[in-house]
Amino acid sequence: MSSTVTVFVLSSQTRSERRFDLHTTVDQLKNKLELITGIPVQNQSIAVHSSETDATPLRALDDDSKPLGYYGVSDWQVLRLTDLDPTTSVVGQLGDISQVEKFELSKEEYAQRQDTVLAYKQRNKIGRFAEKDAEQPELPTPQVDISVGARCEVESTEEDFHKRGTVRFVGPTKFAKGVWVGIEFDEPIGKNDGSVQGEQYFTCPPSHGVFVKPDRVKVGDFPVEEIDFDDEEM
């Protein structure tokens with residue numbers, strides 16, 4: 001019987017797939033999860049769910065001295081973290097925009113300004129303001145042999161740096177021509193949350209999503225590369 005378990009770790013700002021030893025106590029787990037989610041140990045409340053869509057928890061990890069095996073945690077279950085006091089944590093404060101003063105400008109006021117991107121495009125006939133000689137026939141969308149849900153690795157120019165994740169979208173988009181592949185990275189190294197220019201193509205945590213051309217995507221059995229916590233614990 002395996003002494004490790006693979007689970008999904010969810011918080012208000014993060015989502016990741018992790019592997020833990022079943023002998024790890026809840027207290028040790030919380031220290032590891034602080035590095036992953038940014039939620040301080042003393043603020044963490046951890047509940048076990050059967051899946052991400054299951055709102056009812058199976059049980060709570062409420063005894064810091066007990067190991068994960070005591071709670072019967074099994075592969076592909078979900079550890080959902082709640083920040084009990086977000087006002088004292090960096091993550092909670094970053095997520096609270098209620099105190100941010102907002103600058104608002106109506107569409108009419110924006111259209112009248114001459115120092116905006118819109119005005120620049122109008123003057124230089126760029127994008128939707130460009131002159132169209134003739135209506136070009138729409139080309140058929142090419143077929144791409146990449147499946148949604150597949151594990152993948154994205155081409156990177158950095159040596160020994162693997163951009164790994166899961167394919168969440170394949171198809172045409174409104175922001176550019178051709179077929180694009182939407183990927184949810186395992187770590188926050190992306191550019192968006194699955195949306196571009198106000199259009200939501202898939203959903204993932206902030207800074208985990210990216211869109212790339214199919215020729216930069218390699219599909220295969222790429223495991224999640226885990227953080228080595230041993231060097232970070234003294």
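User: In β11, which residue is the bridge partner of glutamate 184?
Analyst: This is a predicted model, in which local features need pLDDT of at least 70, side-chain atom pairs count only at pLDDT 80 or more, and totals for chains, interfaces and linings use all residues. Residues are numbered from 1 along each chain as its sequence is written, and side-chain values use heavy atoms, with hydrogens and water left out. Strands are DSSP runs of E, at least two residues, and helices are runs of H or I, at least four, numbered from the N terminus. In β11, glutamate 184 has as its bridge partner glycine 209.

User: How many bridges join strand β8 to β11?
Analyst: Two strands pair if DSSP finds at least two bridges between them. Strand β8 covers residues 179-185 and runs antiparallel to β11. The number of bridges joining them is four.

User: Which charged residue sits over the ring of tryptophan 180?
Analyst: A charge sits over a ring if NZ of Lys or CZ of Arg is within 6 Å of the ring centre and within 35 degrees of the ring normal. Here the charged end is 4.6 Å from the ring centre. The residue is lysine 213.

User: Is the aromatic pair of tyrosine 70 and tyrosine 71 stacked or edge-to-face?
Analyst: Rings of Phe, Tyr and Trp (its six-membered ring) pair if their centres lie within 6.5 Å; planes under 30 degrees apart count as stacked, over 60 as edge-to-face and the rest as tilted. The whole structure holds nine aromatic pairs. In this one, the centres are 5.1 Å apart and the planes make 90°, so the pair is edge-to-face.

User: Why does tyrosine 70 count as exposed?
Analyst: Lysine 66 lies over the face of tyrosine 70, 4.7 Å from the ring centre. Tyrosine 71 is buried, at 9% relative accessible area. Tyrosine 70 counts as exposed because its relative accessibility is 53%.

User: With which side chain does the side chain of serine 16 make a polar contact?
Analyst: Serine 16 is in strand β2 (residues 15-21). Serine 16 is buried, with 6% relative accessible area. A polar contact is a pair of N or O atoms within 3.5 Å; within protein, one must be able to donate a hydrogen and the other to accept it, and residues adjacent in sequence count only if both atoms are side-chain atoms. At 3.2 Å, the partner is arginine 18.

Note on methods: Buried means under 20% relative accessible area, exposed over 50%, partly exposed in between (1.4 Å probe, protein chains only).
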